[in-house]
Amino acid sequence: MNGKSPAPPSAIYPGSFDPLTLGHLDVIERAAAVFPRVLVAVVVNPQKREPLFTIEERKQMLVAATKHLGNVEVADFRGLLADFAKRSGAGVIVKGLRVVSDFENEMSTALMNRSLSGIDTMFVPSDPKYSFVSSSLVKEVFFLGGEIDQYVPEAVLHVLRAKRATMRPTETTEEKHRS
Ligand code: PNS
């Protein structure tokens, strides 16, 4: 022991970000205030339905929305998060918890990731004002004509509007964009 505290680990914050919401951004900002470096890791092939946004679009929205944070980087990954987290040198995985029911799935995922990689997960409780905000709800509300300005960063709003402008009317249904 040299009497010095160990340096805080860098964090990895994984997700689909299809698209980024203000709830995600709040977690990123809070993680960036605690950890020296936060790598936001966008999964290329989420085990969900086909994403609305390409991986490049999702990364560009994240880069634009986090440009005020000097210690945040954005990357994409395929395959196991545990492998990517190890390769990227992360010391901790950060996950947001919006509601108590999120915890059930996140608990087993956290334990599996620790078993696979030795990297622990730290949970950040969602700000209550975003506890009901999800990417899938934001898309549904937007494509059904609702206001979503208070749920997504400005950069996301622009990209969503541009995406809608390129779509045929039949594509902008709730069915198509639920994920
Ligand atoms: O934003 P999401 O969709 O809730 O993020 C889910 C994500 C990307 C964190 C999760 O799907 C993931 O970790 N995918 C990588 C595949 C993986 O590692 N699976 C095993 C989990 S123990």
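**Briefing: fold, burial and aromatic pairs**

Val-34 lies in helix H1, which spans residues 22–34; helices are DSSP runs of H or I with at least four residues, strands are E runs of at least two, and both are numbered from the N terminus. The model is predicted, so local features need pLDDT of at least 70 and side-chain atom pairs count only at pLDDT 80 or more, while totals for chains, interfaces and linings use all residues. Residues are numbered from 1 along each chain as its sequence is written, and side-chain values use heavy atoms, leaving out hydrogens and water.

**Chain**
- The protein chain contains seven helices and five strands, in the sequence order β-α-β-α-β-α-β-α-β-α-α-α.
- Of its 179 residues, 45% are buried (under 20% relative accessible area; exposed is over 50%, partly exposed in between; 1.4 Å probe, protein chains only).
- Among contacts (heavy atoms within 4.5 Å) with a separation of 6 or more, 75% join residues 24 or more positions apart.

**Val-34**
- Val-34 counts as exposed because its relative accessibility is 59%.
- Its C-alpha atom is 9.4 Å from that of Ser-10, 24 residues away along the chain.

**Aromatic pairs**
- The whole structure holds five aromatic pairs (ring centres of Phe, Tyr or the six-membered ring of Trp within 6.5 Å; stacked under 30 degrees between planes, edge-to-face over 60, tilted for the rest).
- One of them, Tyr-13 with Phe-17, is edge-to-face, at 5.5 Å centre to centre and 65° between the planes; Tyr-13 and Phe-17 are both buried.
- Phe-77 and Phe-84 are stacked, because their ring centres are 5.3 Å apart and their planes at 15°.
- Phe-77 is buried at 6% relative accessible area, and Phe-84 is buried at 11% relative accessibility.
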